[in-house]
Amino acid sequence: MAVNKITKFDLVEKADAAVVDFYADWCGPCAMLSPIVDKISDEYKDVDFFKFDIDADMNTAIKYGIVNIPTLLFFKNGNKVGQVVGYMEESALKAELDRVFQ
């Protein structure tokens, strides 16, 4: 499954399970994490993956308490159930996804 860029949270709120990658184009760690999220999105078929550019809508970033990027938020049925902040290796991110979504 591909990672979809979004500007509104309606798709996240409708998803059974979702990961939102808060990022910015100028963020080095975001650029390092992005290919890992892309790869993992193909492995977790029951989870929808989204990218949200904080520079496009800072109000949404503030609403969700995004202070540092990259930040990944995890949602179940529109409710935030977890988050990770900063760059993570693929194995650590998979372990966190397994913990949250299984």
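A residue is called buried when its relative accessible area is under 20%, exposed when over 50%, and partly exposed in between, with a 1.4 Å probe and protein chains only. The structure described here is a predicted model, in which local features need pLDDT of at least 70 and side-chain atom pairs count only at pLDDT 80 or more, while totals for chains, interfaces and linings use all residues. Residues are numbered from 1 along each chain as its sequence is written, and side-chain values use heavy atoms, with hydrogens and water left out.

Five of the six residues of β3 are buried. Two strands pair if DSSP finds at least two bridges between them. In the parallel sense, β3 pairs with strand β1 (residues 3-6) over four bridges and with β2 over six bridges. K51 of β3 is the bridge partner of K5 and also of D21. Together with helix α2 (residues 28-43), β2 and β3 make a right-handed β-α-β unit; right-handed here means that, with the strands pointing away from the viewer, the path from the first strand over the helix to the second runs clockwise.

The side chain of K51 lies over the face of Y23, 4.2 Å from the ring centre. For such a contact, NZ of Lys or CZ of Arg must be within 6 Å of the ring centre and within 35 degrees of the ring normal.

Aromatic pairs come next. Rings of Phe, Tyr and Trp (its six-membered ring) pair if their centres lie within 6.5 Å; planes under 30 degrees apart count as stacked, over 60 as edge-to-face and the rest as tilted. The structure holds eight such pairs. In one of them, the centres of F22 and F52 are 5.4 Å apart and the planes stand at 50 degrees, so the pair is tilted. F22 is buried at 0% relative accessible area, and F52 is buried at 1%. F22 also forms a tilted pair with Y64, at 6.4 Å centre to centre and 45 degrees between the planes. Y64 lies in the loop between α3 (58-63) and β4 (71-76), 42 residues from F22, and both residues are buried. One aromatic cluster comprises F9, F22, F52, Y64 and F75.

Finally, there is one disulfide, a pair of cysteine sulfur atoms within 2.5 Å. C27 and C30 form it, with their sulfur atoms 2.4 Å apart.

Key. Helices (H or I, at least four residues) and strands (E, at least two) are DSSP runs, numbered from the N terminus.
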